[in-house]
Amino acid sequence: MKILVALAFLAIIASLGSALFFMMRRDGNDRQRGRQMARALALRVGLSVVLFLCLLAAWKLGYIQPTGLPVGPH
């Protein structure tokens, strides 16, 4: 499960990096560049939502357990 979450985070970061690449590119076609950047950002949002839903499903099915924060003495 840790490997799946790490891979999903890497895919999200890669998508964000590709959007930055399309934004910083200096070619003549601004419309195409904006479309590519918007597609990369939409992919990032989609991956984030899928990761969240997978974590929620894994918790519901018992694959992962919340550990909570350590609580000091009261």
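A residue counts as buried when its relative accessible area is under 20%. This cut-off is applied to the predicted model shown here.

**View 1. Arg33, a buried residue of helix α2.** R33 belongs to helix α2, which spans residues 30–61. Its relative accessible area is 19%, so R33 is classed as buried. A polar atom of the R33 side chain lies 2.5 Å from the backbone oxygen of R25. When neighbours within four places in sequence are set aside, the residues in contact with R33 are F22, M23, R25, R26 and D27.

**View 2. The crossing of helices α1 and α2.** Helix α1 covers residues 2–24, and its axis comes within 8 Å of the axis of α2. The two axes cross at roughly 165 degrees; α1 and α2 are therefore roughly antiparallel to each other. The crossing in which α1 passes α2 is left-handed.

**View 3. Residues at the contact of α1 with α2.** From α1, the residues that meet α2 include V5, F9, I12, L16, F22 and M23.

**View 4. Thr67, an exposed residue in the segment after α2.** T67 is located in the segment that follows α2. With a relative accessible area of 78%, T67 is exposed, the cut-off for this class being over 50%. T67 and L55 are separated by 12 residues in sequence, and their C-alpha atoms are 14 Å apart in space.

Conventions: Residues are numbered from 1 along each chain as its sequence is written. This is a predicted model: local features need pLDDT of at least 70, side-chain atom pairs count only at pLDDT 80 or more; totals for chains, interfaces and linings use all residues. Side-chain values use heavy atoms; hydrogens and water are left out. Helices (H or I, at least four residues) and strands (E, at least two) are DSSP runs, numbered from the N terminus. Buried means under 20% relative accessible area, exposed over 50%, partly exposed in between (1.4 Å probe, protein chains only). A polar contact is a pair of N or O atoms within 3.5 Å; within protein, one must be able to donate a hydrogen and the other to accept it, and residues adjacent in sequence count only if both atoms are side-chain atoms. Contact means heavy atoms within 4.5 Å. Axes are lines fitted to C-alpha atoms, for helices over the stretch in contact, and angles run from 0 to 180 degrees between N-to-C directions. Angles under 35 degrees count as roughly parallel, over 145 as roughly antiparallel, 65 to 115 as roughly perpendicular and the rest as oblique. A crossing is left-handed if the near helix is turned anticlockwise from the far one by less than a right angle, and right-handed if clockwise.
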